[in-house]
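I opened my notebook to look up a few contacts and strand pairings. Here are my entries, in the order I made them.

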Amino acid sequence: EQIEVPEYMVKDVKVYTDTMTVYSLADYVIYPLGHWTNVEQYITDNQLHWYRESGYKHYYDSMEVSVNTLKRLDGSFVDFYRSITTGKLEILGARITDKEVVFSNGLHVGMTKDEVFAVLFKKYPKSYTADINVLKVISGAGEVGQIYTFKGNKLRHIKVISKYKYY
């Protein structure tokens, strides 16, 4: 069976035991929460109550950057910094367990495995998803990725990882 994936510009798919890794050239992988120039814009747009902390964290080992951490009551968090290069908020890391936090493509905790795969793939063999408990979606250059962890048929948490983060 052929896998069709034009909208996510998938470069490669690897499956190892219960983990599927998808390498994608799509912009979404780097900006799962959308494009924002500041934290206030993001908070206002998504209408969720966030607890906010600011501080400095190491970036590429050599310098410290100002990081805004947004937290939800359940412990979900997103670490952002504003890039001088792109002028946008870049995600240093995140762990989402709150189903109210929705990615710009509609993905959120609590979705079924099939719902998650249907967002990423136009067509896919159902047998692909049966044994998958971890889905990793990695950007083409490998600098940012998301890790979707399933328990049974439900998405339990999403983690955003970034090579920007060295602390």
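Predicted model: local features only at pLDDT ≥ 70, side-chain atom pairs only at ≥ 80, totals over all residues.

In what sense do S6 and strand S9 pair, and over how many bridges? I found that S6 and S9 (residues 154–162) pair in the antiparallel sense over 3 bridges. I count two strands as paired if DSSP finds at least two bridges between them. Strands (E, at least two residues) and helices (H or I, at least four) are DSSP runs, numbered from the N terminus.

Residues are numbered from 1 along each chain as its sequence is written, and side-chain values use heavy atoms, with hydrogens and water left out.

**Entry: around S6**

I stayed with S6 for a while. In S9, Val160 is the bridge partner of Ala94. S5 also pairs with S6 in the antiparallel sense, over 6 bridges, and Arg82 stands opposite Leu89 in S6. The two strands S5 and S6 form a hairpin with 6 residues between them. I checked the turn and found Gly87 with a positive phi of about 75 degrees. I then looked up burial: 7 of the 8 residues of S6 are buried, so this strand is largely enclosed by the rest of the structure. My cut-offs are under 20% relative accessible area for buried, over 50% for exposed and partly exposed in between, with a 1.4 Å probe and protein chains only.

**Entry: aromatic rings**

How many aromatic pairs does the structure hold? I got 5. Rings of Phe, Tyr and Trp (its six-membered ring) pair if their centres lie within 6.5 Å; planes under 30 degrees apart are stacked, over 60 edge-to-face and the rest tilted. The rings of Tyr28 and Phe103 have centres 6.4 Å apart and planes at 55 degrees, so I noted this pair as tilted. The pair links distant parts of the chain, 75 residues apart: Tyr28 is in helix H1 (residues 27–30), and Phe103 is in the loop between strand S6 (89–96) and helix H3 (113–120). Tyr28 is buried at 9% relative accessible area, and Phe103 is buried at 3%.

Next I took Tyr42 and Phe80, whose ring centres are 5.6 Å apart with planes at 65 degrees, so they are edge-to-face. Tyr42 lies in helix H2 (residues 39–46) and Phe80 in strand S5 (residues 77–82), so this pair ties together parts 38 residues apart in sequence. Both Tyr42 and Phe80 are buried. I also traced a cluster: ring pairs link Trp36, Tyr42, Trp50 and Phe80.

**Entry: Arg72 and other charges**

What does the charged end of Arg72 sit over? I found the ring of Trp50 there, with its centre 5.8 Å away. The test I used is NZ of Lys or CZ of Arg within 6 Å of the ring centre and within 35 degrees of the ring normal. Arg72 also forms a salt bridge with Asp98, with the closest N and O atoms 2.8 Å apart. For that term, a side-chain nitrogen of Lys or Arg must be within 4 Å of a carboxyl oxygen of Asp or Glu. Both Arg72 and Asp98 are buried.

I counted 4 salt bridges in the structure. One of them joins Asp12 and Lys14 at 2.6 Å.
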